[in-house]
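Here is a short report on one protein chain. Look at the structure first, then read on.

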Amino acid sequence: MARIIDSEQLNLIGKKVKQARKRLKISQKQLADRLETEAVYICRGSISRIESGDRTVTDIEVAGLSKVLMVPINELFPADAGFQK
């Protein structure tokens, strides 16, 4: 079966996660620590891989990232992904 996204990237949100993290001026480690307070366990190395598109992201992880980064979930996805209002 063909993938929905015809790309080598394993997620759609990595670039937006990195932008939001940098906007908050926090490190990948700090993001990992904040996610842990929400019971979302993503280590610093995995955050790096998410940001580079080399790791998939579960729906629970997307929800946690949205909350911790203070960004609506739909804004984590690129505009051309069809999730914007």
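The accessible surface of the protein chain comes to about 5700 Å². Carbon and sulfur atoms account for 53% of that surface. Keep in mind that this is a predicted model.

What is the chain built from? The protein chain has five helices and zero strands. Along the sequence, the pattern reads α-α-α-α-α. Of the 85 residues in the protein chain, 35% are buried. Now take the contacts between residues at least 6 apart in sequence: 53% of them join residues at least 24 apart.

Next, the packing of helices. Two packed helices are described by the angle between their axes and the distance between the axes. Helix α2 covers residues 28-37 and helix α3 covers residues 44-52. Helix α4 covers residues 59-69.

| Helix pair | Axes come within | Crossing angle |
|---|---|---|
| α2 and α3 | 8 Å | roughly 110 degrees |
| α2 and α4 | 10 Å | roughly 110 degrees |

How are α2 and α3 oriented to each other? Angles of 65 to 115 degrees count as roughly perpendicular, so α2 and α3 are roughly perpendicular to each other. On the α2 side, the contact is made by Q28, K29, L31, A32 and L35. On the α3 side, R44, I47, S48 and E51 take part. The residues of this contact divide into four nonpolar, two polar and three charged.

The crossing angle of α2 and α4 is roughly 110 degrees, which makes α2 roughly perpendicular to α4. Here L31, R34 and L35 in α2 meet G64, L65, V68 and L69 in α4. By class, the contact of α2 with α4 has five nonpolar residues, one polar and one charged.

Methods: Residues numbered from 1 in each chain as written. Predicted model: local features only at pLDDT ≥ 70, side-chain atom pairs only at ≥ 80, totals over all residues. Heavy atoms only, no water. Helix = DSSP H or I, 4+ residues; strand = E, 2+ residues; numbered from the N terminus. Buried < 20%, exposed > 50% of the residue type's maximum accessible area, 1.4 Å probe, protein only. Contact = heavy atoms within 4.5 Å. Areas by Shrake-Rupley, 256 points an atom, 1.4 Å probe, with all protein chains shown as cover. Axes fitted to C-alpha atoms, helices over the stretch in contact; angles between N-to-C directions. Parallel < 35°, antiparallel > 145°, perpendicular 65-115°, else oblique. Nonpolar A, V, L, I, M, F, W, Y, C, P; charged D, E, K, R; others polar.
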